[in-house]
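Subject: Structure for you to look at

Hello,

Here is the structure I said I would pass on. Please open it beside this email and follow along.

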Amino acid sequence: MIFGVGFYSFTIGSLSSVLSNIDTRESILSNKLIALNEFCNETGIDMKLKGKMRSAVKYNSFKLGISWTDKLNLFNELPRSVRYNAAL
């Protein structure tokens, strides 16, 4: 019976940790996309390039797991060709 309680507690704790990490990752991605939208609105970047930038940020967020919140690091995550087009 004690083993069952311990196993149940461990399982619930692990599950809550996983759910917390998923929520944190989604909020980081949301913050990145908000910063990207602000940047695109301030600089007048067209919708096509904005879509490429959004997809690059989403890819990096889910595949690479990079965590950042600074707007200046936005360009470091983008492919070189997209950075070049955004700089024009």
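Below are notes on confidence and on two residues.

The model is predicted, so local features need pLDDT of at least 70 and side-chain atom pairs count only at pLDDT 80 or more, while totals for chains, interfaces and linings use all residues. Residues are numbered from 1 along each chain as its sequence is written, and side-chain values use heavy atoms, with hydrogens and water left out.

Confidence comes as pLDDT, the predictor's score for each residue from 0 to 100. The protein averages 76, and 82% of the residues score at least 70. Confidence is highest in H2, with a mean of 85, and lowest in helix H3 (residues 74-77), with a mean of 72. Helices are DSSP runs (H or I, at least four residues), numbered from the N terminus.

Ile45 sits in the loop between helix H1 (2-43) and helix H2 (47-64). Ile45 counts as buried because its relative accessibility is 14%; buried means under 20% relative accessible area, exposed over 50%, and partly exposed in between (1.4 Å probe, protein chains only). Apart from neighbours within four places in sequence, Ile45 is in contact (heavy atoms within 4.5 Å) with Phe39, Cys40, Lys50, Met53 and Ala86. Ala86 is 41 residues from Ile45 along the chain, and their C-alpha atoms are 7.0 Å apart.

Arg54 lies in helix H2. With a relative accessible area of 25%, Arg54 is partly exposed. Again leaving out neighbours within four places in sequence, Arg54 contacts Leu33, Leu36 and Asn37. Leu36 is 18 residues from Arg54 in sequence, with 7.4 Å from C-alpha to C-alpha.

Regards

Notes: Helices (H or I, at least four residues) and strands (E, at least two) are DSSP runs, numbered from the N terminus.
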